[in-house]
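I opened the model today and kept notes as I went. The entries follow.

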Amino acid sequence: MEDVLGVYARPYDRAYPVVVMDEKPLQPLADARAGTPAVPGQVARQDSEYIRCGTCSIFVWAEPLRGWRRAYAESTRTRVDWAHGVEHLLSVEYPDADKVVLVMDNLNTHSIASLYQAFPPEKAYALAGRLEIHHTPKHGSWLNIAEIELSCLTKQCLGRRIAELEVLNEELLAWASATNADERQVDWRFTASNARIKLRHLYPAL
């Protein structure tokens, strides 16, 4: 826990940006019957029945101090999917950074081994060398700022049924573009000193 809190306390550094990532499953849904559009004096109506359209996963990458986010959906949630997300992060978003400090939960796909499953050893090694990974502790996902971003995204962008992956990605791109235009940063105030007081039950008694 204190390792992650120490990372969040670092000052902004363009050469070593702190990036957080998280993902969540989503089930695309389609209407079983056409709804009734809104008219003066009556809200739009939607039938309670729906059609399941498979599953997908939403990935969110964000740099809290810069106010940048990237959100997209994939039909699967595999090691290769995560590895390609890392490649995009390092090659497209941060090509000039010495290292990207990446904070995420300790899901089994979130490891250097995933890079070797997706790319030739030379490329995997080069990508791994530009990462500084910090995992949130088990049962400590609340420490991941990306989880907060996912919560905001869900409330602001996913309040209706979306059946197609392409449409979902259009919605996610629009959300990320709007929030990036605002450059909304995250003011994380919970420090290691706070943790030692408020979460003292997690520390050994000496």
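**Entry 1: phenylalanine 119**

I began with the contacts of phenylalanine 119, which touches Ala83, His84, Glu87, Ala124 and Leu127, leaving aside residues up to four places away in sequence. Contact here means heavy atoms within 4.5 Å. This is a predicted model, where local features need pLDDT of at least 70 and side-chain atom pairs count only at pLDDT 80 or more, while totals for chains, interfaces and linings use all residues. Residues are numbered from 1 along each chain as its sequence is written, and side-chain values use heavy atoms, with hydrogens and water left out.

I then placed phenylalanine 119 in the loop between helix H3 (112-118) and helix H4 (121-129). Helices are DSSP runs (H or I, at least four residues), numbered from the N terminus. Is phenylalanine 119 buried or exposed? Phenylalanine 119 is buried, at a relative accessible area of 8%. The cut-offs are under 20% for buried, over 50% for exposed, and partly exposed in between (1.4 Å probe, protein chains only). I also checked glutamate 87, 32 residues away along the chain: its C-alpha atom lies 9.7 Å from that of phenylalanine 119.

**Entry 2: cysteines**

I looked for disulfides (pairs of cysteine sulfur atoms within 2.5 Å). The count is zero. Cysteine 152 is in no disulfide either, and the nearest cysteine sulfur, in cysteine 157, is 12 Å away. I noted accessibility too: cysteine 53 is partly exposed at 30%, and cysteine 152 is partly exposed at 23%.

**Entry 3: pocket and cavity**

I searched a 1 Å grid over the protein atoms alone: a cavity is a set of points where a 1.4 Å probe fits but cannot get out, a pocket is an open set with protein on both sides within 12 Å along at least five of seven lines, and lining residues have an atom within 4 Å of a point. Volume is the space filled by probe spheres set on the points, which are joined across faces, edges and corners.

The largest pocket holds about 180 Å³. Its lining includes Tyr12, Arg14, Glu63, Arg66, Tyr94 and Asp96. By class I got six nonpolar, no polar and five charged residues for that pocket.

How many cavities of 30 Å³ or more are there? I found one. The largest cavity has a volume of about 40 Å³. Among the residues lining the largest cavity are Pro11, Tyr12, Tyr16, Glu63 and Leu65.

How values were computed
Nonpolar A, V, L, I, M, F, W, Y, C, P; charged D, E, K, R; others polar. Helix = DSSP H or I, 4+ residues; strand = E, 2+ residues; numbered from the N terminus.
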